Amino acid sequence: MDFLRQALSKNLQTGFIDQLIHSSNEYLPQLVVNDKEAGKKVLTTIKRELSKCDEFWFSVAFVTTSGIAALINTLEELEKKGVPGKILVSQYLNFSQPDALKKLLRFKNIQLRIATKGNFHSKGYLFKNGNLNQLIIGSSNLTGPALCENKEWNLKISAAPESYIIFNVVKEFQTEFENASKVDDKYIQTYESIYKKQFELNKLYNEQRDTNLETTSVPNDMQFEALGNIEKVRAKGKSKALLISATGTGKTYLSAFDVHRFKPKRFLFIVHRLNIATAAMKSYKLVFGDSVSMGIYSGNQREISKDYLFSTIQTISKDEHLHEFSQDHFDYIVIDETHRAGASSYQKILDYFKPKFLLGMTATPERTDGLDVFKLFDHTIAYEIRLNRALEENMLSPFHYFGISDITVEGEILEDKSDFKKLIANERIDHIIQKAEFYGCDNGEVRGLIFCSKIDECTELSDAFNKRGYNTIALSGSNSEADRTDAISRLESNSPTEKLDYIFTVDIFNEGIDIPCVNQVIFLRPTQSAIVFVQQLGRGLRKTDDKEYLTVIDFIGNYNNSYLIPIALFGDTTYNKDTLRKLMSSGSSIIPGASTINFDKFLKTEFSNQSILPICR
């Protein structure tokens, strides 16, 4: 005790009198901020203090599901250890989310209360640990942005329990806590109706505000930068280039802006699915208006007389269609999802047409099949925005990734090669549902994609979920375009009788499909490829006004291949085991914005103990 007092006294001098006074620095007052350049987040400090405390008290004005998602694994560990906590939030401005209260209410070790009167606006975090208390007080509420990306100032101090500051903090907290209302199911039910009315009013206000803004499509800052790069490529006399752009970052619009600058007389946009061609044409029309004629060239719909054509590769690559055009018919050609260019149909197109400029677009140029996409474009990269950069620029939805250990059935850890009966065992199904419900989603109304290993597994699990009260459907490569379109429409529906909770899928939805409403993605197959991982993750990263964040639940079976996750998320292709291990342990502080990366306790132990084996890309 005397040693602790001496250390606190010395640090007090350094912290509040003269920084040149030497001390251990262990108990120095600290400014706790979010600083993406330095890799600092308020979240990291709070999680560290939670892991060491024997009791915690939070007093915050606002709490949201994104804030709980960022801490949920830590809170679960504290519950298992029996560490008690008190959390006081407020109903001020009806901002705190009912679903966040529901999530907190599930923890038996937490007493939850809410201040329903007055302009309650405090933001403080107290951690008790024997003869030492840690206090963080400042501007951070219990929300994802406040913990991870907003400009926040918080002061962290270390003090003895009997100190003046801790005495007054405890006194103030206890007074407010006793005067607040207990949060239970009855309170949440009442508050939920109030919150929804406020939410609808805010939504209406935002919609009215948006209608008064100019809606002309113009490039954002990053697109301006990319357009400048493409101009430089052409100025050097190059006739082709590759655009590497993460899913959801607006590469179709970017290509439209460049085509608008280039002003080709005839233009061709090639994709692998009709619905993507139609969506691309719609985007181009927003940029071009009626200045050029546009049409579809796919199946029986071949509007060959139009200036700008949007075609499926399956149609235009057929000889009878290809030779309807001269080799120099198109001045500018865009090939979407260029990583598919190894197929003979794409090779035929590349060999035949001689445009003035060729732009390839892909989120994943690195391939596992030996195709050198870069070589196809003479190693000319017009612009590159990977997942990590897109998150930095706030172009994608934030996500909370949870890597969790899959269960063992009959002593075997489940993974791709597992016996089919084990993959659909009731024990495993219950485990999947328990985790899906525990981590939940941003607004309590799940719209999810579940990626499976096998078609039979996909079908059986969908049936099992339906028997347990969910509304799901299974899709695979054998389903028609109409089946897929109908399933997506039902996933997006707000009708209780039509809406799907989940689409189980295998071999499809890796790319080329846009489902902005997806707020939960579940992986039930081991990560064998960083490419596929990013493609499937990208299905839920599209930003929408109604989505606060994406929940990603990864049931990890093969621990060695788990090191593909930091490669995918951070773009680290050095395969240096120390770097990868560092990324695995500190992902939440390194990954930009309000996104977090979390692994359960068992996996953390496995990662630290194992050696990293050679892994595929």
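What volume does the largest pocket have? In this predicted model, the value comes to about 1700 Å³.

Strand 6 has a partner in strand 5, which spans residues 123-129; the two run antiparallel and are joined by six bridges. Within this pairing, Leu132 of strand 6 lies opposite Asn129. Strand 5 and strand 6 form a hairpin with two residues between the strands, and in this hairpin Gly130 adopts a positive phi near 65°.

Strand 6 also pairs with strand 7, which is made up of residues 154-159. This pairing is again antiparallel, with six bridges. Here Gly138 faces Asn154 of strand 7 across the pair.

Attention can now return to the pockets. Rolling a probe the size of a water molecule over the atoms shows where empty space is left. The lining of the largest pocket is made up of 46 residues. Those nearest the centre of this pocket are Phe199, Asp545, Asp546, Lys547 and Glu548. Several helices take part: helix 4 (98-105), helix 5 (144-148) and helix 7 (185-211) each contribute at least two residues to the lining of the largest pocket. Helix 7 provides the largest share of this lining, with twelve residues. By class, the lining of the largest pocket holds 19 charged, 16 polar and eleven nonpolar residues.

The second largest pocket has a volume of about 970 Å³. It is lined by 33 residues, and Thr252, Ala279, Ser283, Asp514 and Arg542 are the closest to its centre. Two helices, helix 9 (251-262) and helix 10 (274-288), each supply at least two residues of the lining of this second largest pocket. Helix 10 gives the most, with eight residues. The lining of the second largest pocket divides into 15 polar, ten nonpolar and eight charged residues.

How values were computed
Residues numbered from 1 in each chain as written. Predicted model: local features only at pLDDT ≥ 70, side-chain atom pairs only at ≥ 80, totals over all residues. Heavy atoms only, no water. Pairing = 2+ DSSP bridges. Helix = DSSP H or I, 4+ residues; strand = E, 2+ residues; numbered from the N terminus. 1 Å grid on protein atoms, 1.4 Å probe; cavity = no way out; pocket = protein on both sides within 12 Å on 5 of 7 lines; lining within 4 Å. Points joined across faces, edges and corners; volume = space filled by probe spheres on them. Nonpolar A, V, L, I, M, F, W, Y, C, P; charged D, E, K, R; others polar.
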